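Reader: I'd like to go through this one with you before I set anything up. Could you put it on screen and start with the metal site?

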Amino acid sequence: MELSQQSIESLRNILEGEKNIVILSHTNPDGDAVGSSIAWGKALERVGHKVTCIVPNRFPYYLAWMNGINDVVIYNQQSDIAAEAIAKADIFFCLDFHTISRLDSLSDELSRNTKAKRVLIDHHLNPAEQFDVMFSHPESSSTSYLVYCIIAALWGEKSITREQAEVLYVGMMTDTGNFSFSYLTPELFRAVAVLAETGIDIPQIYNNVYNSFTEGRARLFGYTINRKMRTLHKGTVAYMSLTEEEMRRFWFQQGDSEGFVNYPLTIKKMKMSAIFIEHHDFIRVSLRSRGKVDVNIFAGRYFNGGGHKNAAGGKSFVSMEETIRNFEKAVAEYAAEGMI
Ligand code: 5GP
Ligand code: MN
C-alpha cells in the first residue's frame, strides 16, 4: 500500500505530545470497524495517548469475544461517557466510513467540538468531508489493512502485538469475505504473514466469527432464501426483503442478517443482489455485485447511499412495497443503460 509520506509526517506531527484521542466508527459496526478501531487505539495507547473508541450502536453478538471490545463505548447506550470523551478530544480519528452521516445522531455530538483535529482512515470511495489528514484508500481491501500499514509506517510491523494482530485479522477476514473478494494483493498476504507470526489462531478466529450463530439465524436464512428471494432481469438480479414481524418470528438479534445478501451471488449467472431490512423508521438496503456491475453508483443514485463498487448500502424511507417497486424500476433503468 502506497501511503503518502506527507500524510504520515502530518500524522506524526499531530501525535506529538500526549493527546486525548477519540476513535470513531460507523453505525452497525462490523468486524472491520471494531477491529481497526481497537488495534489503532492500542497502538496509540502504547505511545502514551489517552484513547476512547466510540461506535453509534452495538456491534453484533458474534464479535463480542474480541479482546478489547468491551472498552468500546456504544453511543446510544453510554452517551454520557461518549459526550465527555468527545468534548475533551484533541483528535478525532474516523475509521471505516467516508461521510459523517454514517454516524447518525453521534454526528451532532461531534459538531460540539470544533477545535479537535480530524483524521480519516478509510477505504470507501469519495470521502464527503474535509479532514486535516486523510488516508483514503479505496484500493485497500479493509480499513484494518490500512491501519496495519500506518502502524508499520509509524512504529514498525514488529510493534504489533498478538492482541492487535487478532483484531486486525478479524477486520481483514470479514471485509474480504475470508479472502475471497477484490484487492487481494501480495502485500495483504505479507501483512497476514506478519500477523500470523504473532501466534494468532486463524481457524479459531474464523470459528468465533462465522460458526457462532444462533439456531434462529440459521432458520431465518433458510426462510429468506427459500421464501423471500425474487429474481429480475432473466435471473441475473436477486432481491430479498425482511419485515420486522418476520425477524421477530425467528428471534432476530442484531447482526443475524449479516451475509444473507451475498448468498444469491453463489448462483453462477447472478450479477447483483439486494436485501431490504425493515427498521423502526426506515428500510436498510444492502447491495452486492460481481465484476463490472457497480452498486456504489446504484446505491448513490437510488438509495442515498454508497460504499464500494461491489458492496454498497443505503436507506429507503418509504414502505417495503414501495421500496421493492422502486428497486424494480431502478434495476430496469440501470439495465437499459447497459450497467447490468
Ligand atoms: P452493508 O451492506 O454490509 O451494510 O454495507 C456494505 C457497504 O456499503 C459498506 O462498505 C458500507 O460502508 C456501505 N454502506 C452501507 N450503508 C450505507 C449508507 O447508508 N450510506 C453509505 N454512504 N454507505 C453505506
Ligand atoms: Mn471496512
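Author: Before the metal site itself, one term: donors here are N, O and S atoms within 2.8 Å of the metal, and water is not among the atoms, so a site may look incomplete. Please also keep in mind that this is a predicted model.

Reader: Fine. What are the protein donors of the manganese ion (ligand 2), then?

Author: The manganese ion (ligand 2) is held by D32 (OD), D96 (OD), H123 (NE2) and D175 (OD), and these lie 2.2 to 2.4 Å from it. Along the chain, the donors of this ion follow the spacing D-x63-D-x26-H-x51-D. D96 sits in the loop between strand 4 and helix 4 (106-111), whereas D175 belongs to helix 6 (residues 162-175), so this pair ties together parts that are 79 residues apart in sequence.

Reader: And D96, buried or exposed?

Author: D96 counts as buried, because its relative accessibility is 2% and the cut-off for buried is under 20%.

Reader: Let's move to the sheet. Which strands pair with strand 1?

Author: Strand 1 (residues 20-24) runs parallel to strand 2 (residues 50-55), with five bridges joining the two, and N20 has K50 as its bridge partner in strand 2. The chain gets from strand 1 to strand 2 by way of helix 2 (residues 31-46), and this β-α-β crossover is right-handed. Strand 1 also pairs with strand 4 (residues 91-95), again in the parallel sense, over four bridges, and there I21 stands opposite I91.

Reader: Why do you call strand 1 largely enclosed by the rest of the structure?

Author: Four of the five residues of strand 1 are buried, so the rest of the structure largely encloses this strand.

Reader: What about the largest nonpolar core, which residues touch the most other members?

Author: That core has 55 residues, and those touching the most other members are W40, F93, I121, Y148 and I150. Helix 5 (residues 143-155) gives the most to this core, with eight residues. If neighbours within four places in sequence are left aside, F93 is in contact with L11, L15, I21, V22, I23, L24, W40, L44, V119 and I121. There is also a second, separate core of 23 residues, which includes Y239, A274, L287 and A299.

Reader: Switching to charges: how many salt bridges does a search of the whole structure find?

Author: The search finds 11 salt bridges. In one of them the side chains of K228 and E246 meet at 2.7 Å, N to O. K228 lies in helix 9 (residues 215-228) and E246 in helix 10 (residues 244-249), so the pair ties together parts that are 18 residues apart in sequence.

Reader: Are those two buried or exposed?

Author: K228 is buried, with a relative accessible area of 15%, and E246 is buried as well, at 6%.

Reader: Which side chain does R249 meet in a salt bridge?

Author: R249 meets E245, at 3.2 Å from N to O, and both lie in helix 10, four residues apart, which is about one turn of the helix. R249 is partly exposed, with a relative accessible area of 47%, and E245 is partly exposed too, at 40%.

Reader: Last one: which residues are linked with R301 in a network of salt bridges?

Author: R301 is linked with E333 and E337 in that network. The side chains of E333 and R301 meet at 3.8 Å, N to O, and this pair links distant parts of the chain, with E333 in helix 12 (residues 320-336) and R301 in helix 11 (residues 295-303), 32 residues apart.

Key: Residues are numbered from 1 along each chain as its sequence is written. Chains are lettered from A and ligands numbered from 1 in the order in which they are written. This is a predicted model: local features need pLDDT of at least 70, side-chain atom pairs count only at pLDDT 80 or more; totals for chains, interfaces and linings use all residues. Side-chain values use heavy atoms; hydrogens and water are left out. Buried means under 20% relative accessible area, exposed over 50%, partly exposed in between (1.4 Å probe, protein chains only). Two strands pair if DSSP finds at least two bridges between them. A crossover is right-handed if, with the strands pointing away from the viewer, the path from the first strand over the helix to the second runs clockwise. Donors are N, O and S atoms within 2.8 Å of the metal (3.2 Å for Na, K and Ca); water is not among the atoms, so sites may look incomplete. A nonpolar core is a set of buried Ala, Val, Leu, Ile, Met, Phe, Trp, Tyr and Cys residues joined through side-chain atoms within 4.5 Å. Contact means heavy atoms within 4.5 Å. A salt bridge is a side-chain nitrogen of Lys or Arg within 4 Å of a carboxyl oxygen of Asp or Glu.
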